[in-house]
Amino acid sequence: MLHFTFLGTSSGVPTLTRNVSALAIRNSKNKDWILVDAGEGTQHRIQQAKLSLQSLVAICITHVHGDHCYGLVGLLASAGMNARNAPLTIIAPKEIQQWIEATAQLTDLHLPYSLNFIDVNQATQILRITDELSIRVHPLSHRVPSFAFSIIAQYTQKKLDTQALIQLGVPKGKVWGDLQQGLDVQFNEQTLKAVDFIQIKMQRAHAIVGGDNDRPELLAQACQDAQLLIHESTYTQAILDKVGSGPMHSSAKMVAEFAQQQGLSNLILTHFSPRHQDNAGQQAIAEEIRQFYQGNFFLAHDFDQFGLDETGRLSKIDKP
Ligand SMILES: [Zn+2]
Ligand SMILES: [Zn+2]
């Protein structure tokens, strides 16, 4: 239902193996996708992941720090050069709009499509992006205002009540097909009403993608309804204690304890400090998570892909 591709998982600066923050979330029923954050170089990552800027329906920027947004203007310009003409929604701090407008003016940039800016501070309601995708904003705690985004995919599925039809002795074939189409049909001098044989099932997938944040508990309420939390885990607790609370990031322990308390079933960690990117560093983060959290978790690498289905099961998708 929701398909995730990590385009950047390094905090602060890009490294040889990881780019700075960006995450693509696609509706698995079609090509519509949402980009959360756009660190420098994101458009190159988008090409490598074979995602099209034409089917991008919204961009969410968690906060104004460069490792989360310096790739945005270049990406918008490239979409224009590729003749995109559909309007694009950008949900971001209002400074992002000012920055894009100033850059467009100073660098002779004229986009052939319109940008629909939504100031994260004003976004108190659920934002409907397409018929099936919607977004909700949650405030976090960081050195500058930072936000998390609920990405919700919702579908209605119509299923024919075949058991009831079999019981009535209605043979498979045209009658079943017509009822499935919503048509009432005559059968053995009886009118079968489609509404009586169609079961409508709502299917929903809900993931929360956080920006930089040193208080995971701010997401407690939002997480009650979520099947997956994607959160930064910049350091282990030992390194965070050494670095101090100034940068306002979360340790693996902080996120793990929060997820455990919430009874969250799935967790993906990202935004790792360069010092945690080698095998030993990743292992230290994984061990700390395992110590405090019993659910299903992954540490994201660039180009990792995951699927979240309607039953709330998260799985890693093997690369071809
Ligand atoms: Zn960051
Ligand atoms: Zn930051």
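**Close-up views of a predicted protein chain**

**View 1. Overall architecture of the protein chain.** The secondary structure of the chain comprises 11 helices and 17 strands, taken as DSSP runs numbered from the N terminus (helices: H or I, at least four residues; strands: E, at least two). This is a predicted model, in which local features need pLDDT of at least 70 and side-chain atom pairs count only at pLDDT 80 or more, while totals for chains, interfaces and linings use all residues. Residues are numbered from 1 along each chain as its sequence is written, chains are lettered from A and ligands numbered from 1 in the order in which they are written, and side-chain values use heavy atoms, with hydrogens and water left out. Along the principal axes, the C-alpha atoms fill a box of roughly 80 × 55 × 40 Å. Of the 320 residues, 54% are buried (under 20% relative accessible area, with a 1.4 Å probe and protein chains only).

**View 2. The two assigned domains.** Domain 1 consists of 2-158 + 200-317, and domain 2 of 162-196; these bounds come from an automatic or database domain assignment. Their C-alpha centres lie 46 Å apart.

**View 3. Helix α3.** Helix α3 (residues 72-81) is largely enclosed by the rest of the structure, because 7 of its 10 residues are buried. The buried residues are Leu72, Val73, Leu75, Leu76, Ala77, Ala79 and Gly80.

**View 4. The surroundings of His271.** His271 lies in the loop between β14 (266-270) and α11 (279-292). With a relative accessibility of 2%, His271 counts as buried. Its side chain makes polar contacts with the side chains of Asp212 (3.1 Å) and Thr234 (3.1 Å). A polar contact is a pair of N or O atoms within 3.5 Å; within protein, one must be able to donate a hydrogen and the other to accept it, and residues adjacent in sequence count only if both atoms are side-chain atoms. Leaving aside neighbours within four places in sequence, the residues in contact with His271 include Thr9, Ser10, Asp67, His68, Glu232 and His249 (contact: heavy atoms within 4.5 Å).

Terms used
Buried < 20%, exposed > 50% of the residue type's maximum accessible area, 1.4 Å probe, protein only.
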